[in-house]
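Let's take a walk through a two-chain model together. Have a look at the picture before you read on.

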Amino acid sequence: MLKKTTIDKLPELAACLMEKGTLVAPVKEAGGFNFRAITDAAQVDLIFHNTILSPKTVFFPQTEDFVRYSVYQPILEAKPVEPEIRPTFLFGVRPCDVKSFEIMDIHFTRTGVPDPYWRKRRDATIIFGFAFDTSEEADPAEFYHTLGIGAADPDGSDVFMLRRDDVLFLKAVSPRGENLLGGLAGLTDAAPDERKYFDDYIAQGHDYKTRYTCVDAEAIAKEFEAIFHNTDFWTKVSNACLSCGICTFVCPTCYCFDICDETQFGQGVRRRVWDACMFTDFTLEASGHNPRTQVYQRLRQKICHKYSFHIRKYGPISCVGCGRCTRYCPVNIDIFSIVEQAVQAKWYKRM
Amino acid sequence: MSENNPYIPMPVEISKIIDEVDTHDIKTFRFTFVNKDDEQKFVYLPGQFAELSIYGKGESPIGIASAPTDAGYVEFTVQRAGAILPGLVTSALHDMDEGGRIGLRGPLGHSWPIEFLEKKNIVVVGGGFAFTTLRSLVKYMLHKDNRSRFGDITVIYGARTPGLLCYKDELAAWEKRSDIKTIITVDKGNETWTGREGFVPAVCKDVAPSPENAVAVICGPPVMIKFTLPVFFELGFSKENILTSLEMRMKCGIGKCGRCNVGYKYVCSDGPVFSLAELEDLPRDF
């Protein structure tokens, strides 16, 4: 089912979705675009390249309250916080970011003890993927092509969208998407030549070149294992790192969190908040022992986790090449070039 | 959402506090479950741990010191942490009295591999208060229903001084039994100490347990482990038959928060028990 509407009718489509649940879509803000819960249908803006923060915020918010307690009251009075989870439409997600959900699903719900918060939010959300504009030159930070992700991959989306000038095409990908699209007012059926245009665009998405290097998951995992203890290499690549952690916060596949109790005037909340392996105290134990006191050890942890440990534990590389870490790094550390260097790291081993 | 939510602790009540050492900073806390359902669900084996949870302070992952054969309660031996950082949870717990209530999340992690240990001779080596999950293992193996499942049991346990030995009454009882060989050592004795003196690795070398059909289960401070592992390796124990338990800073305890990640393992959900062979497969990053 391929439907279409026009960009100027986007507010109508947004209003229609807002009637059915929460609409989360790209919104233009002072520093750039971000996914926000829409309160005014006119806010939705699809003239964007990608958002600053990844859409993982929808399933894994920056803070998640677990329990409310009072330090003056017995433990039995503490109340678990019921998260407010409504049917949600996550609108305008780029293919590489859609891929990140699948990677995060493995960690949060498909292995070990399932995380109830991630699962409930994920189950309640319908994803509208949105193809990159392949008529533009690729963003210099991005490298999703290296990871086998096309600029217009509909996989993982419920509905996949494509913009052609002033027309927005919407195709149902999953049964959930099919159900939804069938019942949305204001959409018209696409003509046969438009269907051909849509299919061709998706097929050609794989030919769209971002930065590229030949990476095989198993091989790169072993390469990083081999250079893990090569301090020269890690010191060199992490020389400029400030340990600020921005790369992890903007990353769609970083999931580390802290659980902390915040108490004010006796009333408190136990909540989980994003944390980052880039911070000194991340692994600091109460005894004073800290296995990662050096910047290079922490950058090494982050990169090896994504390109080595994750592969051995879960299968896929834990990176989708969205380029956010490179784009927002204040000292221009580029994960792609570190991966490239690791491939050639045998030269460093001889040094 | 609170049903089966792994992040929400269950309430437990302190029914007994035992002051273990003469420096009074290590105590064993016995907890009973406030809800009987929770007690039914808390099924564990020696070597597993749990998060002790105090609202307003936080959570601490602590090895379970009691044995599954101890019905009706669960025990944790806790040191008041704070040499470098204030140990918020452990300090608050040490300041509590019997009857006080805290939260408990668990049991977490993998136990000592009981099925693997069956029919083998077991050498238990412990140092300081890291003996807790080993005490659980020894109590479990010595239980009348379990003793016949295991071969010879040797316990080598050391502390810096006689006053720093934990579970003194139990050690005395084990020394009197014929179905367990108990060797207690201290780094430095005092005027009343009549037992053995010497560091744990040296005592292990001296006792020289046979590697024949034997597994060494070792837990202690890093420096003790560092020097004890090679002793057993030299005695002829294979790397698969030398077991230890790792510690890393933890938060969730269920392999989600990423904090205790070492290589492709999470210490909480893939460990904390590892064989020497498994440890050598991990990067030296802990």
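Residues are numbered from 1 along each chain as its sequence is written, and chains are lettered from A and ligands numbered from 1 in the order in which they are written. This is a predicted model, in which local features need pLDDT of at least 70, side-chain atom pairs count only at pLDDT 80 or more, and totals for chains, interfaces and linings use all residues.

First, how confident is the predictor? That is what pLDDT tells you for each residue, on a scale from 0 to 100. Chain A has a mean pLDDT of 92, with 98% of its residues reaching 70 or more. Among the elements of chain A, strand β7 (residues 125-130) has the highest mean, 97, while helix α12 (residues 346-349) has the lowest, 51. Where pLDDT is low, the predicted coordinates should not be read in detail. Helices (H or I, at least four residues) and strands (E, at least two) are DSSP runs, numbered from the N terminus.

Now to the meeting of the chains. How many residues of chain A are in contact with chain B? The number is 40, and they touch 37 residues of chain B; "in contact" means that the C-beta atoms, placed from the backbone, lie within 7 Å. On chain A's side, the elements giving two or more residues are β4 (63-70), β11 (257-264), β12 (267-274) and α9 (295-314). The biggest giver is β11(A), with 6 residues. By class, chain A's side has 25 nonpolar, 7 polar and 8 charged residues. Here Ala, Val, Leu, Ile, Met, Phe, Trp, Tyr, Cys and Pro count as nonpolar, Asp, Glu, Lys and Arg as charged, and the others, Gly among them, as polar.

Both chains are split into domains, with bounds that come from an automatic or database domain assignment. Here are two pairs:

| Pair | Distance between C-alpha centres |
|---|---|
| Domain 1 and domain 2 of chain A | 29 Å |
| Domain 1 and domain 3 of chain B | 21 Å |

In chain A, domain 1 is 2-60 + 84-207 and domain 2 is 217-253 + 276-349. Their contact takes 22 residues from domain 1 and 17 residues from domain 2. Chain B has domain 1 (10-108), domain 2 (114-245) and domain 3 (247-271 + 282-286). There, 4 residues of domain 1 are in contact with 4 residues of domain 3.

Next, look at helix α6 (residues 217-227) of chain A. The axes of α6(A) and α9(A) come within 8 Å and cross at roughly 115°. That makes α6(A) roughly perpendicular to α9(A) (65 to 115 degrees counts as such). Among the residues making the contact are A:Phe224 of α6(A) and A:Tyr307 of α9(A).

Most residues other than glycine have a negative phi, and most peptide bonds are trans. A:Phe265, in the loop between β11 and β12 of chain A, has a positive phi of about 50° although it is not a glycine. In chain B, a cis peptide bond joins B:Gly106 and B:Pro107, with omega about -5°. B:Pro107 sits in strand β6 (residues 101-108) of chain B. The bond from B:Gly271 to B:Pro272 is also cis, with omega near 0°, and B:Pro272 is in the loop between α8 (267-270) and β15 (273-275) of chain B.

Definitions and conventions:
Contact = placed C-beta atoms within 7 Å. pLDDT = per-residue confidence, 0-100. Axes fitted to C-alpha atoms, helices over the stretch in contact; angles between N-to-C directions. Parallel < 35°, antiparallel > 145°, perpendicular 65-115°, else oblique.
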